[in-house]
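Take a look at the model, then work along with the steps.

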Amino acid sequence: MFKTIADPGDCEVRSVIRLLNAKNVKPAEIHRQLEEIYGENAMTDGMVRKWVRQFNNGRTNVHDEARSGVFWDRHRHIAVRYCETLRKLRRAIQNKRRGMLSQGIVLLHDNARSHSAGVNQNLMQQFDWEQFDHPPYSPDLAPSDYHLFLNLKREFGGRRFDSDDDAKNGVQQWLSSLAASFFQEGIDKLVSRYNKCLNNGGNYVEK
């Protein structure tokens with residue numbers, strides 16, 4: 001029985017693929033061995049075959065393609081930070097909602113440049129998460145904006161706190177007091193909002 005390795009780095013997995021491919025191991029067997037060691041974090045069979053093709057075509061670098069420019073460096077930094085956020089989210093689901101990962105995860109997030117970066121897309125493919133995208137900077141289609149934060153403002157509007165810690169504790173207590181039905185209500189509203197958005201040709205929906 002092998003000990004599984006949680007949350008492997010992308011370069012680590014690619015290095016294993018390159019090694020096994022050099023030993024003439026078939027892509028299907030490479031994928032099987034990755035799953036054996038990395039468990040649910042294993043790269044998908046399709047991605048394994050993609051990297052095998054690239055290595056067979058002469059690629060030796062297991063890192064993401066480097067790009068120049070300040071904008072790319074900033075974008076890359078944000079993308080890597082978001083990647084770490086996704087890993088933390090997955091660990092939180094494992095710890096607090098056991099069994100949910102096997103039932104399938106649908107991640108709702110906008111398709112901002114950093115969210116759609118290759119490093120994050122690869123990670124979500126490894127996690128086998130389905131994506132429910134919406135245009136960037138669209139608070140009308142984000143339950144956190146039109147539901148959670150709206151009620152947060154109503155709850156704490158006009159209140160004063162003696163310190164940042166007091167404010168943080170107040171928000172945490174409020175969040176802990178919310179029933180599951182509160183969050184379900186926010187998700188349910190998303191259906192009608194998406195329908196309005198589609199009927200308006202993708203235009204902004206305020207209510």
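**Exercise 1.** Classify the orientation of α2 and α3 in this predicted model, and find the residues that meet.

*Solution.* The axes of α2 (residues 27-38) and α3 cross at roughly 125° and come within 9 Å. Here axes are lines fitted to C-alpha atoms, for helices over the stretch in contact, and angles run from 0 to 180 degrees between N-to-C directions. Helices are DSSP runs (H or I, at least four residues), as are strands (E, at least two), numbered from the N terminus.

Next, the partners: from α2 come P27, A28, I30, H31 and L34, which meet D45, V48, R49 and V52 of α3. Contact means heavy atoms within 4.5 Å. By class, the residues are six nonpolar, one polar and two charged. Ala, Val, Leu, Ile, Met, Phe, Trp, Tyr, Cys and Pro count as nonpolar, Asp, Glu, Lys and Arg as charged, and the others, Gly among them, as polar.

A note on the ground rules: residues are numbered from 1 along each chain as its sequence is written, and side-chain values use heavy atoms, with hydrogens and water left out. As the model is predicted, local features need pLDDT of at least 70 and side-chain atom pairs count only at pLDDT 80 or more, while totals for chains, interfaces and linings use all residues.

**Exercise 2.** Do the analysis for α1 and α3.

*Solution.* Start with the axes of α1 (residues 10-22) and α3 (residues 45-56), which come within 10 Å and cross at roughly 60°. α1 and α3 are therefore oblique to each other. On the α1 side, the contact uses R14, I17, R18 and N21; on the α3 side, V48, W51, V52, F55 and N56. Sorting these residues gives five nonpolar, two polar and two charged.

**Exercise 3.** Is N21 buried or exposed, and which residues does N21 touch?

*Solution.* N21 lies in helix α1. Its relative accessibility is 13%, so N21 counts as buried (under 20% relative accessible area; exposed is over 50%, partly exposed in between; 1.4 Å probe, protein chains only). Leaving out residues up to four places away in sequence, N21 touches I30, V52, F55 and N56.

**Exercise 4.** What percentage of the protein's residues is buried?

*Solution.* Of the 207 residues, 33% are buried. The secondary structure comprises nine helices and two strands.

Methods: Parallel < 35°, antiparallel > 145°, perpendicular 65-115°, else oblique.
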